[in-house]
Amino acid sequence: MPFIDDRRHMSRALELARLGEGFVEPNPMVGAVVVRDGRIVGEGWHQVFGGPHAERRALADAGEEARGATLFVTLEPCCHTGKTPPCTESILEAGVTRVVAATGDPFPKVNGGGFHQLRQAGVVCSAGLLESEARYLLAPYWKLTTTGHPWVIAKWAMTLDGKLATRTGKSQWISGEASREIVHQLRGRVDAILVGAGTVRADNPQLTARPSGARTALRIVLGEIPEGSQLGTTASEFPLLVVVDSQAKARRQAWLQAAGGEVLVTSASSRKEQVAWLLGELGRRQVTNLLVEGGATLLGQFFDLAAVNEVHAFIAPILAGGEGAPSPIAGLGIDSMNDAIRLQNIEVTRVGTDAYLKGRLPAN
């Protein structure tokens with residue numbers, strides 16, 4: 001019975017953690033529950049980047065009832081001073097006698113140090129309860145922390161016969177209005193959105209979330225964009241980064257910088273090398289979630305680099321045909337169906353008349 005109760009309390013902590021999605025990055029989503037004599041006396045979650053951590057909120061909610069209680073938390077408590085004081089200090093001050101964490105924290109300044117500090121002070125600590133669920137939730141944070149690269153979400157809309165556009169390059173609109181609303185919700189929780197210059201020339205997108213969401217994503221274009229594009233004219237309102245190679249003429253980018261955009265020059269020559277370089281640059285900028293909305297060429301380069309972690313595909317019940325009409329993923333592709341990437345954690349739902357499929361790629 002106690003183990004069942006422990007699972008129930010950790011499940012609640014995970015529910016709370018999800019409330020921080022889009023608000024806390026590059027920090028992790030964390031939830032915490034304080035339990036005394038079998039009942040929940042305090043709850044909290046990390047609500048905003050730079051704000052109090054989940055443990056502090058839950059302990060403040062519990063007040064004096066935290067003394068002698070158990071703290072259930074989805075991630076190992078921090079033991080260093082960052083934007084906030086160490087959570088281990090607040091746990092000890094509150095008089096908590098037991099801490100149950102779903103998983104450890106890979107952040108170098110923690111990485112077992114939180115447990116060690118608590119145990120040294122006599123607090124009973126354990127980890128691993130609902131760990132797979134916690135690691136699923138924390139996967140973007142985990143990737144950024146351990147690899148220095150953002151979590152990459154590939155998104156596309158296609159016809160039933162697998163076309164991103166017609167043979168003439170027209171793609172508006174394949175998916176229905178309900179599907180496009182989901183895309184705007186997705187844009188509203190990621191840190192950055194990436195397309196290639198070809199998509200800008202073909203569709204002239206804004207790449208904003210409408211209505212706005214928890215975050216205002218950095219809009220990124222790989223390659224030069226035409227003067228007067230919607231991305232450029234809205235650069236003073238919504239952040240814009242255009243990545244060009246060393247061959248690009250500076251005078252062609254002057255209008256963009258004057259409009260409020262940022263131009264970044266990379267020495268990488270091939271587009272694939274530019275993508276690899278950009279992932280490192282975005283990691284240095286602490287971009288946790290990157291949404292790639294590019295065409296077949298850009299998506300193919302990400303898949304060739306094994307850089308994609310998650311797929312969101314909208315499949316419309318329409319047929320386009322055309323031998324030259326593009327499919328979602330170009331690049332090198334595979335030699336045999338035995339080598340095909342098989343998605344995991346698949347969810348398929350009907351959205352209006354479209355089918356919406358999302359899933360994760362196996363760990364790279």
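Axes here are lines fitted to C-alpha atoms, for helices over the stretch in contact. All views show a predicted model.

**View 1. Packing of helix H2 against helix H3.** The axes of H2 (residues 54–62) and H3 (residues 87–94) come within 9 Å and cross at roughly 20 degrees. Angles under 35 degrees count as roughly parallel, and H2 and H3 are therefore roughly parallel to each other. Their crossing is left-handed. H2 contributes Glu 55, Arg 56 and Leu 59 to the contact, and H3 contributes Cys 87, Ser 90, Ile 91 and Ala 94. By class, these residues are four nonpolar, one polar and two charged.

**View 2. The open sheet of nine strands.** The strand order is E10-E9-E8-E7-E11-E6-E12-E14-E13, with mixed pairing. Strands E10 (262–266) and E13 (344–351) stand at the edges; each has a single partner strand, so one side of each is left without a neighbour in the sheet. On average, neighbouring strands are turned by 20 degrees against each other, direction ignored.

**View 3. Pairing of strands E8 and E9.** Strand E8 (residues 218–222) pairs with strand E9 (residues 240–245) in the parallel sense, over four bridges. The bridge partner of Leu 222 in E9 is Val 243.

**View 4. Helices H7 and H11 on the sheet.** Helix H7 (residues 177–187) packs on the sheet and touches E6 (151–159), E7 (192–196), E11 (289–292), E12 (310–316), E13 and E14 (354–360). The direction of H7 makes about 160 degrees with that of E12. Helix H11 (residues 271–284) also packs on the sheet, touching E6, E7, E8, E9, E10 and E11. The direction of H11 makes about 160 degrees with that of E8.

Methods:
Residues are numbered from 1 along each chain as its sequence is written. This is a predicted model: local features need pLDDT of at least 70, side-chain atom pairs count only at pLDDT 80 or more; totals for chains, interfaces and linings use all residues. Side-chain values use heavy atoms; hydrogens and water are left out. Axes are lines fitted to C-alpha atoms, for helices over the stretch in contact, and angles run from 0 to 180 degrees between N-to-C directions. Helices (H or I, at least four residues) and strands (E, at least two) are DSSP runs, numbered from the N terminus. Angles under 35 degrees count as roughly parallel, over 145 as roughly antiparallel, 65 to 115 as roughly perpendicular and the rest as oblique. A crossing is left-handed if the near helix is turned anticlockwise from the far one by less than a right angle, and right-handed if clockwise. Contact means heavy atoms within 4.5 Å. Ala, Val, Leu, Ile, Met, Phe, Trp, Tyr, Cys and Pro count as nonpolar, Asp, Glu, Lys and Arg as charged, and the others, Gly among them, as polar. Two strands pair if DSSP finds at least two bridges between them.
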